[in-house]
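These are my notes from a first look through this structure, written down in the order in which I looked things up.

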Amino acid sequence: MLTIINSFFLDLCILFTLFTISFLPFRNRPRLTPHSPLKARVLLGVQTGVVALILLANALHLESFLIDLRAIPISLAVLFGGWVSGTVAAVIFLIGRFFMVTDGVYIGFYLAVLSMIGLVLPISLLRLKLDNTRTTLLVFMTVSVIDFGIVTFYALPLTVFYPVFLTYTVMAYGGGCAAYRLLHELRRHFENVQHQQQLARTDALTGIANRRLLNEAMANLNVEAKEYALILVDIDHFKRVNDTYGHDVGDDVLRELGMLLVAESDERHLVGRFGGEEFLIIMPNANREDVTRLAESIREKVSTFPFETSAGTLHITVSLGACHSNDIEVDSVLKHADEALYHAKESGRNRFILAS
C-alpha cells in the first residue's frame, strides 16, 4: 500500500511540474478551446503526449501489471484542444511507446494502440457536446477507467484484477481532479497578473492608457517605426468647466473625450491621458497627411459633439498640437508637439497646428 501511495504522489508531482512548465507558453494567450488556432492546439497535443510518455516511464508495477496516469494528459488535451490536440497527443505517445518495445514483444504496444483509440475517439465525440468543466474531465476519466477495466479483466485473473482495477480507478479520478484544479488555479493566477498589469497601465478615470503606458510606447517608437507622429490634445477653458459645474462634471467630460478620441483613432494608434485635461495620441507609421487628417477630424468632431454630463449637455472645443518624426528623438518630437499646442491655444484655441 505504501508503494502505491508513494507512486501516486510521485506521478502527481510529475504532472504538476510538467503541466506548470507546459502552461507557461499559453499564460498570456486566451484560453485554449477546440476553436483556437490550429498551431496552438497541435502544440498542446505535443506537450501532453510527451507528458503521457514520461508518466508511462514512471508507471507503477503492480502484480506484474503497469499502472500509469497517461489518460489524464490525453484527456486534458481533448478537454482544452478538442480532437486535434487529443489525436496529436495519442500519436506522440504511441510513437514513443513503439520505441520502448524490447525483445520483439509488441503485445504492450498493441494494447497501447487499442487503449488510445478507446480513449481518444469517444471523449473527442463527447467533447463536441460537453463544456470545459471538471465534470467533463471526470466523464473522460470514467471512459478511461472503463477501457482499463475491459483490458485488465481479460488479461488478469480475478484475484489480481480487483486490486489493480481499484488502484487505477482511485489514481485516475484523484489525479484528474488534482490536475484540473492545478490548471484552473494557474489560469486564474495569470489572468489576475494580467489584470493587475492592465490596471497599472490604465488611467483610472477614463479607462484609456495612462502616462506610464504612453511613456513605454514612446520609448519603443524609434525602434519599431520608421516614422511616427505625436498629437497632443488639450481641452479649451477646462478650468472654467470645473469652476462652473464642479469636478464631477469635469470628470464626465474627460471620460467622454477619452472615448471619442479612441473612436476617432485607428486600432494601431495608442490614445492615452497624458495628464490633467491633456491627451496624447501616438501614431506609429504615419505620414504628415495622416496626422493632419486625424487631428482635424478630432477637432471638428469635438466642436459639434454633445457631451452628456450630470449637469446636462455641454459643448467644448479642443486645441491640438502635433509633430511628425523626421529622424529625431522622441523627446524632441514631444517637445515640438507641446510647442505647437501652445501656439494653437495662443492663436485662438479650437485649432490644430502641426510643427514644421
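I began with the term I would need at once: I count a salt bridge where a side-chain nitrogen of Lys or Arg comes within 4 Å of a carboxyl oxygen of Asp or Glu. I also noted at the outset that I am reading a predicted model.

**Entry: salt bridges.** I found that the structure holds 16 salt bridges, and I looked up several of them. The side chains of Glu-296 and Arg-299 form one of these, with N and O 2.9 Å apart; both residues lie in helix 11, three residues from each other, which is about one turn of the helix. I recalled that an α-helix has 3.6 residues a turn, so residues three or four places apart point the same way. With a relative accessible area of 23%, Glu-296 is partly exposed, whereas Arg-299, at 18%, counts as buried. I also noted a network in which Arg-181, Glu-185 and Arg-188 are joined by salt bridges that share partners.

**Entry: pairs that link separate parts.** Glu-216 and Arg-201 meet in a salt bridge of 3.1 Å, N to O. Because Glu-216 belongs to helix 7 (residues 211-219) and Arg-201 to the loop between helix 6 (158-200) and helix 7, this pair ties together parts 15 residues apart in sequence. I read Glu-216 as partly exposed at 29% relative accessible area, and Arg-201 as partly exposed at 25%. Arg-273 pairs with Asp-203, their closest N and O atoms being 3.5 Å apart; since Arg-273 lies in strand 4 and Asp-203 in the loop between helix 6 and helix 7, the parts tied together here are 70 residues apart in sequence. Arg-273 counts as buried at 18% relative accessibility, and Asp-203 counts as buried at 13%.

**Entry: helix 11.** I returned to helix 11 (residues 288-304), whose 17 residues reach 25 Å from the first C-alpha to the last, close to the 24 Å expected at 1.5 Å a residue. Which residues of helix 11 are buried? I listed Asp-290, Val-291, Leu-294, Ala-295, Ile-298, Arg-299 and Val-302. They cover an arc of only 155° around the axis, so they sit on the same side of helix 11. The face turned away from that buried side carries the exposed residues Glu-289, Arg-293 and Thr-304. Among the elements that the buried residues pack against, I noted strand 3 (228-235), helix 10 (247-264) and strand 5 (278-284).

**Entry: His-269.** I placed His-269 in the loop between helix 10 and strand 4 (270-275), where, at 10% relative accessibility, this residue counts as buried.

**Entry: a nonpolar surface patch.** Lastly I looked at a nonpolar patch on the surface, whose residues, including Val-91, Phe-98, Tyr-106 and Leu-111, have about 990 Å² of accessible area together. Helix 3 (71-98) and helix 4 (107-127) are the elements that give two or more residues to the patch, and the largest share, four residues, comes from helix 4. I checked Leu-111, which is found in helix 4 and is partly exposed, with a relative accessible area of 33%.

How values were computed. Residues numbered from 1 in each chain as written. Predicted model: local features only at pLDDT ≥ 70, side-chain atom pairs only at ≥ 80, totals over all residues. Heavy atoms only, no water. Patch = residues over 30% accessible without salt bridge, like charges linked within 9 Å, V, L, I, M, F, W, Y side chains within 5 Å. Areas by Shrake-Rupley, 256 points an atom, 1.4 Å probe, with all protein chains shown as cover. Buried < 20%, exposed > 50% of the residue type's maximum accessible area, 1.4 Å probe, protein only. Expected span 1.5 Å × (residues − 1). Arc of directions from axis to C-beta. Contact = heavy atoms within 4.5 Å.
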